[in-house]
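Trainee: I am new to this structure. Please take a close look at its aromatic rings with me.

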Amino acid sequence: MIGKLFKTCRFYGYAVIQILIEPRRFFTELPKNETMAKSLGFCVICSLFYCAASLLTGTYSSPVKMGGIFFLNSVGMVFIPAGLSYMIMVMTQKKKARFSLVFSVCAFSSGITLLVSWMSMFLWFTEPWKWWLIYTGLKNSCKLSWKPALLILVLTMIIEFFFLYSLYLAFYK
């Protein structure tokens, strides 16, 4: 049990270091190491860190409620670009990488940016970084050339923007 926990912690530490230092190499090696559980686990760990840091740096009248919102938002926002990217890849490229691989690319890209995005104004740095990591992952993990990877990325960003904007109009206007 302890050995398995140690092995899991070692993988997550390796993933953080590799994504920060050599993201191309990490995403090239990802197809032989990825599982949906590892990807989701990495995302959950990074989301928990994001929630804790966000709660410690802000003053909220209901910290438990806000922590739940932060957590669901940070984990849930991985599924949207993963699903959109996968659908766009299948529709435009007729190339079918496994959904778990596309999800892993999005989970590791989003997870690493969650580690610093809790800081005020870091959204302006972490969001472009996340999209660049997703592009790098699509190229290296899914074996796409730069044009299809860029097309998938841009279409995903546009659709996600309009989806979130429509939610804003529906619930806040």
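Mentor: Here is a walk through the aromatic pairs. This is a predicted model, where local features need pLDDT of at least 70, side-chain atom pairs count only at pLDDT 80 or more, and totals for chains, interfaces and linings use all residues. Residues are numbered from 1 along each chain as its sequence is written, and side-chain values use heavy atoms, with hydrogens and water left out.

A search of the whole structure finds 16 aromatic pairs. Rings of Phe, Tyr and Trp (its six-membered ring) pair if their centres lie within 6.5 Å; planes under 30 degrees apart count as stacked, over 60 as edge-to-face and the rest as tilted.

Take Phe-26 and Phe-108. Their ring centres are 5.1 Å apart and their planes stand at 70°, so this pair is edge-to-face. It links distant parts of the chain: Phe-26 is in helix H2 (residues 23-33), Phe-108 in helix H5 (residues 99-117), 82 residues apart. Helices are DSSP runs (H or I, at least four residues), numbered from the N terminus. Both Phe-26 and Phe-108 are buried. Buried means under 20% relative accessible area, exposed over 50%, partly exposed in between (1.4 Å probe, protein chains only).

Next come Phe-79 and Phe-103. Their centres lie 4.9 Å apart with planes at 35°, so the pair is tilted. Phe-79 belongs to helix H4 (residues 63-93) and Phe-103 to helix H5, so the pair ties together parts 24 residues apart in sequence. Phe-79 is partly exposed, at 38% relative accessibility. Phe-103 is buried, at 0%.

Now the cluster. Phe-11, Tyr-12, Phe-26, Phe-27, Phe-42 and Phe-108 form one aromatic cluster.

Note on methods:
Helices (H or I, at least four residues) and strands (E, at least two) are DSSP runs, numbered from the N terminus.
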